Amino acid sequence: MLEYYPDVLKPRDLSVILRISMKQTYSLLHTGEIEHRKIGRKYFFCKTSLIKFLANT
């Protein structure tokens with residue numbers, strides 16, 4: 001399923017993939033459960049970070 005997404009994902013992609021709300025998505029990012037980078041006001045993360053998160057849950 002993830003092969004249809006780009007290598008660098010945005011929070012909206014994460015909420016669609018995990019089927020969670022944007023509030024829950026930002027909660028995951030703020031708590032550091034998913035490794036990410038913040039550039040300015042925007043969050044970005046790699047597919048590998050998402051795969052690591054899914055493997056640990």
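This note sets out, in numbered points, the helix packing, salt bridges and selected residues of a predicted model.

1. Helices α1 and α2. Helix α1 covers residues 11-18 and helix α2 covers residues 22-31; their axes come within 9 Å and cross at roughly 110°. Angles of 65 to 115 degrees count as roughly perpendicular, and α1 and α2 are therefore roughly perpendicular to each other. The crossing in which α1 passes α2 is right-handed.

2. Residues between α1 and α2. On the α1 side, the contact is made by Pro11, Arg12, Leu14, Ser15 and Leu18. On the α2 side, Met22, Thr25, Tyr26, Leu28 and Leu29 take part. Sorted by class, this contact of α1 with α2 holds 7 nonpolar, 2 polar and 1 charged residues.

3. Helices α1 and α3. Two packed helices are described by the angle between their axes and the distance between the axes. For α1 and α3 the angle is about 35° and the axes are 12 Å apart. The crossing of α1 and α3 is right-handed. From α1, the residues Leu14, Ile17 and Leu18 meet Leu50, Phe53 and Leu54 of α3. The contact of α1 with α3 divides into 6 nonpolar residues, with no polar and no charged ones.

4. The buried side of α1. Which residues of α1 are buried? They are Pro11, Asp13, Leu14, Ser15 and Ile17. The cover over the buried residues of α1 includes β1, α2, β3 (42-46) and α3. Leu14 is listed among these buried residues, and Leu14 also takes part in the contact with α2 and in the contact with α3. An α-helix has 3.6 residues a turn, so residues three or four places apart point the same way.

5. Most residues other than glycine have a negative phi. Arg19, although it is not a glycine, has a positive phi of about 55°. Its relative accessibility is 78%, and Arg19 counts as exposed. A reader checking the backbone may wish to look at this residue.

6. The salt bridge of Lys47 and Asp7. How many salt bridges does the model have? The count comes to 2. In one of them, the side chains of Lys47 and Asp7 meet at 3.8 Å, N to O. Lys47 lies in helix α3 (residues 47-56) and Asp7 in the segment before β1 (8-9), so the pair ties together parts that are 40 residues apart in sequence. The two partners can also be described by their accessibility. Lys47 is buried, at a relative accessible area of 14%, whereas Asp7 counts as exposed at 55% relative accessibility.

7. The salt bridge of Arg37 and Glu35. Arg37 forms a salt bridge with Glu35, and the closest N and O atoms of the pair are 4.0 Å apart. A side-chain nitrogen within 4 Å of a carboxyl oxygen is what the rule asks for, and the pair is reported as a salt bridge at 4.0 Å. Arg37 is exposed, its relative accessible area being 54%. Glu35 is partly exposed, with a relative accessible area of 48%.

8. Lys42 and Lys10. Lys42 is found in strand β3. With a relative accessible area of 55%, Lys42 is exposed. Lys42 and Lys10 are 32 residues apart along the chain, and their C-alpha atoms are separated by 8.3 Å.

9. Is Lys52 buried or exposed? Lys52, whose place is in helix α3, counts as exposed at 53% relative accessibility. Between Lys52 and Glu33 there are 9.9 Å from C-alpha to C-alpha, for a separation of 19 residues along the chain.

10. Tyr4 and Ala55. Tyr4 is found in the segment before β1, and at 70% relative accessibility Tyr4 counts as exposed. From Tyr4 to Ala55 the distance in space is 19 Å, C-alpha to C-alpha, and the two are 51 residues apart in sequence.

How values were computed: Residues are numbered from 1 along each chain as its sequence is written. This is a predicted model: local features need pLDDT of at least 70, side-chain atom pairs count only at pLDDT 80 or more; totals for chains, interfaces and linings use all residues. Side-chain values use heavy atoms; hydrogens and water are left out. Helices (H or I, at least four residues) and strands (E, at least two) are DSSP runs, numbered from the N terminus. Buried means under 20% relative accessible area, exposed over 50%, partly exposed in between (1.4 Å probe, protein chains only). Axes are lines fitted to C-alpha atoms, for helices over the stretch in contact, and angles run from 0 to 180 degrees between N-to-C directions. Angles under 35 degrees count as roughly parallel, over 145 as roughly antiparallel, 65 to 115 as roughly perpendicular and the rest as oblique. A crossing is left-handed if the near helix is turned anticlockwise from the far one by less than a right angle, and right-handed if clockwise. Contact means heavy atoms within 4.5 Å. Ala, Val, Leu, Ile, Met, Phe, Trp, Tyr, Cys and Pro count as nonpolar, Asp, Glu, Lys and Arg as charged, and the others, Gly among them, as polar.
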